[in-house]
Amino acid sequence: MNMKFDFVMHWLWAIVWALLAISGFSMVGAKYGWLLNFDYATADYIHRISAAIFVLLTLISIFYEVFRNIRNDTSKLAWFIFGRGGYQLFTFITTLILIISGVLIWICNEFDMGAVGFALLVHEYISYIALASVIWHIYKKCHALIWSKKKAAEEKVRL
């Protein structure tokens, strides 16, 4: 079985991102608390563990991309999380903002409530943007699969 690294990283990252989204939105308040039955302690626990895994996967992806650049590997990794343009670059930027604001919330929670308030604001709104982009990403990729099947079917009819 030959699993490609970028494919595995993509789906690991997607699963952890989904856990972060569900636990994070359930902690926003009464609006989305129903996602985890208003159990904020469990949501916080899941969010912190998922965040640690998310940061680890992000660091692995960044180191892998740096290693590829050192080796002058210019091959395109279709499933890779980060890249130099398009949606991959958008994902990289939003990921860094989410990680930095999340670290601020986690670390400054005891002594600097101004920084925590600002970080919470940024973290929440970037999360909404990231969620919308993920929905768009899934929609576009699903249609890309349908379109390629339609083209293949049309070419079969022509032959």
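Three salt bridges are counted in this predicted model, a salt bridge being a side-chain nitrogen of Lys or Arg within 4 Å of a carboxyl oxygen of Asp or Glu. Arg68 pairs with Glu65 and also with Asp73, while Arg48 pairs with Asp44. The chain has four helices and zero strands; both element types are DSSP runs numbered from the N terminus, with helices (H or I) of at least four residues and strands (E) of at least two.

The model is predicted, so local features need pLDDT of at least 70 and side-chain atom pairs count only at pLDDT 80 or more, while totals for chains, interfaces and linings use all residues. Residues are numbered from 1 along each chain as its sequence is written, and side-chain values use heavy atoms, with hydrogens and water left out.

**Salt bridges**

- Side chains of opposite charge can pair when their charged atoms come close.
- In the Arg48 and Asp44 pair, the closest N and O atoms are 3.0 Å apart. The two residues are four apart in helix H2, so about one helical turn separates them.
- Arg48 is partly exposed because its relative accessibility is 30%; buried means under 20% relative accessible area, exposed means over 50%, and partly exposed lies in between (1.4 Å probe, protein chains only). Asp44 is also partly exposed, at 29%.
- Arg68 and Glu65 have their closest N and O atoms 3.6 Å apart. They sit three residues apart in H2, so about one helical turn lies between them.
- Arg68 is buried, at 7% relative accessibility. Glu65 is buried as well, at 14%.
- For Arg68 and Asp73, the closest N and O distance is 3.5 Å. Asp73 is partly exposed, at 21%.
- Shared partners link Glu65, Arg68 and Asp73 into one network.

**Nonpolar core**

- The largest nonpolar core has 16 residues. Such a core is a set of buried Ala, Val, Leu, Ile, Met, Phe, Trp, Tyr and Cys residues joined through side-chain atoms within 4.5 Å.
- Trp13, Val16, Trp17, Leu20, Phe54, Leu57 and Ile81 touch the most other members.
- Helices H1 (5-27), H2 (40-70), H3 and H4 (113-158) each give two or more residues to this core. H1 gives the most, with seven.
- Leu20 touches Phe25, His47, Ser50, Ala51 and Phe54, leaving aside residues up to four places away in sequence. Contact here means heavy atoms within 4.5 Å.

**Helix H3**

- H3 covers residues 86-107, and its 22 residues should span 32 Å at 1.5 Å a residue. The expected span is 1.5 Å times one less than the number of residues. The end C-alpha atoms are 32 Å apart, which agrees.
- Buried residues in H3 are Gln88, Thr91, Thr94, Thr95, Leu98, Ile99, Ser101 and Ile105.

**Surface patch**

- Ile22, Trp34, Leu35, Phe38 and Tyr40 make a nonpolar surface patch of about 500 Å². Patch residues have over 30% relative accessible area and no salt bridge; like charges are joined within 9 Å, and nonpolar side chains (Val, Leu, Ile, Met, Phe, Trp, Tyr) within 5 Å.
- Phe38 lies in the loop between H1 and H2. Phe38 is partly exposed, at 42% relative accessibility.

**Whole chain**

- The C-alpha trace spans about 70 × 40 × 30 Å along its principal axes.
- Of the 159 residues in the chain, 29% are buried.
- Among contacts with a separation of 6 or more, 53% join residues 24 or more positions apart.

Notes
Accessible areas come from the Shrake-Rupley method with a 1.4 Å probe; for residues, only the protein chains shown count as cover.
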